[in-house]
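Morning, everyone. Please bring up the structure on your screens. I'll keep this short.

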Amino acid sequence: MITSSIQKQLFQVTPTEQEQINNNGKNVQDVPTSPENIEDSIARMPFWHFFDQGRIAVTQSNRFSYIPAHKHKFIEMNYCYQGRSLQYIDDKLITLKPGNLIIMDREIQQRINYARKQDILINILIRDDYEINELTRNFNDKNNLLISFLINCTKRNFPHNNYLVLDLNKDLVFKNIIEDIINKGLNNDGSNNQLLKYLLQSFICAPNILIKSKKINFSSIDEKSLYPVITYLNDNFKDITLSTLANKFGYNKNYLGNKISKETNHTFKELLQMRKLNIACNLLQNTNLSMEQISEYVGYDNHSSLFRLFKSYLGITPTEYRKRIRLPKSLDSDSLIPNPYFSED
């Protein structure tokens, strides 16, 4: 259970949050990051900002704005204490409700919708493979997905775009462990490091029944895996076609199209459109590039194609998206913030 003093701290408005309120909900980048590449402006959260006191860190996510798309150099868990958190995880909507927790590997791309005053999201961060190996050293249960997830995080030549979503309301023992980690870790000065490790070791025994949704691939990346195919598509989104993708990996075009549909539940065209949409959304959030420039970046000959893409997937134009994502109508309302880019269901 979260202590009363920690509860009080969680609801206090921080200087960054106040700045976001003053700026009408525009995101304030309080953690310096560098983009993975200039085209999609995907930043990667660094080590140094979070782990001054130890290899396990606990922080609170800022409210009163959105968090642009990013990846991590560490393993991150998000725990929803109150309200809700609407997140896009590799373009899939994940809604966290009180007692829900998501754990993400390093190559997961995450962006988070506007957080209202009552939306309390807490981050538990694991710095590196050394700490993960320490946590899992004495565990051999291959059937436990959370332990398998963490072990996979340390392996080279394995996919690292996995995540698990757990509903801790189903077992209050594990919910209390996470909240104890928050109690001991939020203001940790280094004196609680060993205790945090013991608590986290207890938590990773959580049974599979607590998992409400997941994306897991613990297979090695080899010639039979679709992972390098999707990675190549994502890297060459501007002018890739199903034919050129099939030729690159030695597949028959129709066979590859069917393989993609079966393993991802999306067609090649849908994956390509979602990739272009994701990049365009990031550029609209983080830059002042014109619609023509953004259209060119994502491989369209004219901005009418970008217009059709946004209308098809989001129901609004790129211009409307940029306006609404940067300037919501209300940040402290009990009603849901009108923002059609993120579903409110």
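I'll go through a sheet, the helices beside it, and then one lysine. Keep in mind that this is a predicted model.

Start with the sheet. How many strands does it have, and in what order? There are six, and the sheet is open. The order is β3-β10-β5-β8-β11-β12, with antiparallel pairing. At the edges sit β3, residues 56-60, and β12, residues 211-215. Each of these pairs on one side only. On average, neighbouring strands are turned by 15° against each other, direction ignored.

Now look at one pair in that sheet. β11 covers residues 163-167 and pairs with β12 over four bridges, in the antiparallel sense. Find valine 165: serine 213 in β12 stands opposite.

Next, the helices. α6, residues 193-203, lies across β3, β5, β8, β10 and β11. Helix α6 runs at about 85° to β3.

Then α3, residues 129-136. Which of its residues are buried? They are Glu131, Ile132, Glu134, Leu135 and Thr136.

Last stop: lysine 276, in helix α10, residues 268-286. Lysine 276 is buried, yet has no salt bridge. Where is the nearest side chain of opposite charge? That is aspartate 239, 8.0 Å away. A salt bridge needs the charged atoms within 4 Å, so aspartate 239 does not make one with lysine 276. Leaving out residues up to four places away in sequence, lysine 276 touches Phe237, Lys238, Val298, Gly299, Tyr300 and Leu309.

That's my tour. Thanks.

How values were computed. Residues are numbered from 1 along each chain as its sequence is written. This is a predicted model: local features need pLDDT of at least 70, side-chain atom pairs count only at pLDDT 80 or more; totals for chains, interfaces and linings use all residues. Side-chain values use heavy atoms; hydrogens and water are left out. Two strands pair if DSSP finds at least two bridges between them. Helices (H or I, at least four residues) and strands (E, at least two) are DSSP runs, numbered from the N terminus. Axes are lines fitted to C-alpha atoms, for helices over the stretch in contact, and angles run from 0 to 180 degrees between N-to-C directions. Contact means heavy atoms within 4.5 Å. Buried means under 20% relative accessible area, exposed over 50%, partly exposed in between (1.4 Å probe, protein chains only). Lys and Arg count as positive and Asp and Glu as negative; His and the chain ends are not counted.
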